[in-house]
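Biologist: Show me the model, please. I will ask what stands behind each label.

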Amino acid sequence: MSDKKNARLILEDGTQFEGYSFGAETSVSGEVVFNTAMTGYPESLTDPSYSGQILVSTYPLIGNYGVPQFTEQDGLLRFFESDRIHIRALVVSDYSFEHSHWNASESLGQWLKDNGVPGIWGVDTRRITKIIRERGVMLGKLVIEGSPEPAEFVDPNKENLAALVSTKQVETYGNGKYRIVLVDCGCKYNIVRCLTKRNATVIRVPWDYDFTQIDYDGVMLSNGPGDPQQCGATIANIRKAIALGKPIFGICLGNQLLSIAAGATTFKLKYGHRSHNQPALMVGTDRAVITSQNHGFAVDTTTLDEGWEPYFVNLNDGTSEGIRHRTKPFFSVQFHPEASGGPVDTEFLFDDFIQNIEKCRK
């Protein structure tokens with residue numbers, strides 16, 4: 001292409017990667033992370049858990065199937081996980097300028113432009129991934145030719161990212177028999193879909209909303225971005241909900257928040273878990289499941305209060321993949337049972353949650 005515009009990815013250790021721009025022609029700073037998924041970039045890019053991050057895709061060819069139609073179903077965009085792109089920038093090895101899919105509405109590059117998000121292609125994503133695996137997650141800048149370079153490297157985890165991506169008002173979906181409060185810390189739409197198709201009325205509330213004043217049958221704690229310690233108001237409300245005794249189910253950030261409310265501490269992972277094929281073992285059994293994941297923090301289950309126990313464990317590195325209460329209807333998982341771009345081995349957990357609600361209603 002004769003009109004290629006140069007771009008550079010600069011890591012905080014000084015390493016630079018030169019490539020070409022696609023998407024919005026603006027320079028940004030953020031946390032550089034990698035995702036090993038082969039498909040599902042519409043889901044990944046609209047996942048609020050990626051807020052503040054420069055996403056490196058390890059799969060070599062991105063953009064070949066374009067972007068799906070922006071159609072709504074039951075008040076939600078049908079083929080996306082939120083109403084906008086949340087990553088700061090996208091880094092790929094080879095961008096496909098020609099896309100082909102029966103449901104495509106536009107190219108990936110045009111979608112990035114529409115959302116003001118830059119991209120870079122023509123770089124060695126394998127080398128970037130190896131650097132991150134050795135040194136850990138690091139900050140970076142994506143600099144587009146002709147656009148001012150950000151003055152500093154910015155660590156998004158110092159911000160309350162959950163507050164940034166959470167809904168600003170109470171919203172209701174469905175008209176089912178179970179009233180479920182969804183605490184939105186950056187929830188994916190498929191959590192709503194998985195609940196409404198199980199005969200639930202979903203009441204989606206902001207991250208810091210005191211939902212314990214609502215008449216509900218169960219609490220769903222959503223996924224979301226950033227450091228869970230930033231969500232003090234959410235943790236305080238979860239402790240109130242634990243005292244009320246009604247069923248609680250947490251996912252990803254929701255797992256970390258429930259764990260903190262249960263006395264545990266959390267820590268930053270070296271490079272996070274972001275893939276579609278992470279194996280997790282249900283503790284105390286021989287049952288292993290294949291999971292979809294996207295998180296940068298983990299829970300130290302040895303610090304849980306009495307009455308709580310590990311639920312799942314990661315078979316790759318031994319980190320916690322969930323907790324549960326030994327006698328009460330509270331559980332959470334670090335992976336994504338609602339994943340739509342990856343495996344669905346663990347969607348049964350939504351059924352378990354509904355069963356807990358049924359038992360408590362009797």
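The questions below take the labels one at a time.

Modeller: Ground rules: this is a predicted model, where local features need pLDDT of at least 70, side-chain atom pairs count only at pLDDT 80 or more, and totals for chains, interfaces and linings use all residues. Residues are numbered from 1 along each chain as its sequence is written, and side-chain values use heavy atoms, with hydrogens and water left out.

Biologist: What makes up its secondary structure?

Modeller: 8 helices and 23 strands. These are DSSP runs, numbered from the N terminus: helices are H or I with at least four residues, strands E with at least two.

Biologist: Why is Thr201 called buried?

Modeller: Buried means under 20% relative accessible area, exposed over 50%, partly exposed in between, with a 1.4 Å probe and protein chains only. Thr201 has 8%, so it counts as buried. Thr201 lies in strand β16, residues 200-205. Leaving aside neighbours within four places in sequence, its contacts (heavy atoms within 4.5 Å) include Thr172, Tyr173 and Arg179.

Biologist: Which are the edge strands of the open sheet of 10 strands?

Modeller: The order is β14-β16-β15-β17-β18-β23-β22-β21-β19-β20, with mixed pairing. The edges are β14 (171-173) and β20 (288-300), each pairing on one side only. The twist averages 20 degrees from one strand to the next.

Biologist: How do you know that β22 and β23 pair?

Modeller: Pairing takes at least two DSSP bridges between two strands. Strands β22 (residues 320-325) and β23 (residues 330-333) are joined by 3 and run antiparallel. Ile323 stands opposite Ser332 in β23.

Biologist: What does helix α6 lie across?

Modeller: Helix α6 (residues 232-244) lies across β15, β17, β18, β21 and β23, at about 150 degrees to β18. Axes are lines fitted to C-alpha atoms, for helices over the stretch in contact, and angles run from 0 to 180 degrees between N-to-C directions.
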